[in-house]
Amino acid sequence: MLCPWHRRVISRPPGHRRCLCCHGAMDPRNQPVDTAHPPGNNRRVRCRSRMVSSIKNTVFSQTTMGWGRSPQSETTMRPSSVLAALATGSLVAAAPSHKQQRTANGDVNPFEGKTQFVNPKWSAKLDQTLRSFLFRGDVLNTLKTWKVQQTSTFVWVSRIADLSNIDAAIADARKAQKWTGKKQIVGLVLYNLPDRDCSAGESAGELKSSENGLERYKEEFIKPYAEKVAAAKDLNFAIVLEPDSLGNLVTNMGIEFCASAAPIYREGIAHAIASLQYDHVNLYIDAAHGGWLGWDDNLPLAAKEFATVVQMAGEGKKVRGFVTNVSNYNPFNAVVRENYTEWSNSWDESHYASSLAPHLTAEGLPAHFIVDQGRVHLPGARKEWGEWCNVHPAGFGTAPTTKTNNTVVDALVWVKPGGESDGQCGMAGAPRAGEWFDEYAQMLVKNADPSVFKWF
C-alpha cells in the first residue's frame, strides 16, 4: 500500500490493521481509514518517531537477536521487503553462546562466558542517527543503526558529576542479567586525573594539581568510584584506567606541562589501582596505541613506566592487563598496511599487543590486552599516524568479541562511543569534545565492519 502521508510503499503483514510506516488505521481492503494528515511539521516528526518505535520496540525483541545478511545492495534493497521480513520474523537468528576458556598461561579470561554490557544511554543517542536515515527513506541504514544500538560500549566516568553513570550502568546491567540469565561484564572508563591531557588539551579535565586536584581526585572521585563497584558483587567489571596519561610520560616529557604532571599521574593511577582490588573487578591500564608506543625504542620504556606505577600501588596489588587504541582509529588486523607504518613492527593493534607483551613479561607484568575497535579508519584515510581527531572516512570497527586469534588479547571492545566528537578538529563541522556529532555517526554506520551485522 502507499502511505498517504509519507508517499512511500509499505508492506503490510496479513491481519495487520495499521500502517507500519505511521500506524494509520486501515480498513480490510488495505486502504487508510483517515487520509487527512493534520498539517504542520511537528505532527510529521511525531508520526515518523512512531515508525522508529515500531521498528525498534514492536517488531524486534530487545535481546540477542539479529538478522541474516541480505544479498541485495543498499541502493537496490526495497524498504517494503525489509519491513515485511522484519514483521514476520524471517530475519531473526539466535546469537551463539561461548563457554569460558583459559588463556595460554592457564588463567581465566574475564570476558569469556559473559555478555558485554550494552549501554542504553549511548544507544539512545543513536536515535537521532536512526531518524536521520529514516527521514531520507534509507531503510537499510536505519536497520543497521538499530543493530549498532545493540552493541556493547564502555561507560565513561570523566568527572565527579559523572559518578552517577556507574549507578545507572549497574542498575541497567542487573536488569539485563535478570532478563537474559547471562552474566554481565560492565565496561567502565576511569578518566579524571588532575592536569589531564597534558600534551593536546582538547580533553582537559576539571581537576588541577595547583588547586588541590590530587587530593580531590582521591577523596571525591576514586573513593566513591571504588565504593560503587565494590558493592555490585553480582556483576563483573572491566575498568580502563586513565586513557592517554602514561603514554605522555613515555614520549612527551619534553613538554613542560607533562613533565610537571608526571608525578601526579603516577601517584593518581597507583592510588586507583590500590583502591580497586576486588575479585569481580578487572583493571586495564591504558597503553596508548601502536602508532604511539609501538616503536621498538618505546616498547621497553613503556613497560618500565607501567611497572613503576603498579609497584607504587603496593605489594600484592595487581592489574589484569592493558588496553590499547582507546579513542583512536587503528585496526586490530589491518587489511592494508599504511605507508606511515613502514618502519614499525606494531603496524596494527594485534601486532602492537604481540610486540609489547614480552617487554611486559620482562617487567613482571601480565601480558593481557583488550583493544578498542569502536572506530576504525578506512584504508588511506590518514596521511600520518598522528592524526587523531575525528578521522574520516571511518566506520564502527569489529564487533566486541573474545575471538581475537591472538593469545595475549582477552577481547575486542568498543571503549570510545562512536558518534561523540573528539574535538573541534578533523572533520568539518565537528563540535566540542564529547558532544554528539550526528554526521560522523552516520558515516560510522555506513562504513561499519561487517561483523557488526553478522546476523543481518
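Here are a few questions and answers about this predicted model.

Residues are numbered from 1 along each chain as its sequence is written. Local features need pLDDT of at least 70 and side-chain atom pairs pLDDT 80 or more, while totals for chains, interfaces and linings use all residues, and side-chain values use heavy atoms, leaving out hydrogens and water.

Reader: How many disulfides are there?

Author: A disulfide here is a pair of cysteine sulfur atoms within 2.5 Å. Cys 198 and Cys 258 are joined with S to S 2.0 Å, and the sulfur atoms of Cys 389 and Cys 425 are 1.9 Å apart. By this rule the count comes to two.

Reader: How many residues apart in sequence are the parts that Cys 198 and Cys 258 tie together?

Author: The disulfide joins Cys 198 to Cys 258. Cys 198 lies in the loop between β5 (184-190) and α6 (213-231), and Cys 258 in helix α8 (residues 256-275); helices are DSSP runs of H or I with at least four residues, strands runs of E with at least two, numbered from the N terminus. So the pair ties together parts whose separation in sequence is 60 residues.

Reader: Is Thr 129 buried or exposed?

Author: Buried means under 20% relative accessible area, exposed over 50%, and partly exposed in between, with a 1.4 Å probe and protein chains only. Thr 129 has 0% relative accessibility, so this residue counts as buried.

Reader: Which residues does Asp 244 touch, not counting those up to four places away in sequence?

Author: Asp 244 lies in the loop between β6 (236-241) and α7 (245-251). Contact means heavy atoms within 4.5 Å. Leaving out residues up to four places away in sequence, Asp 244 touches Asp 286 and Trp 292.
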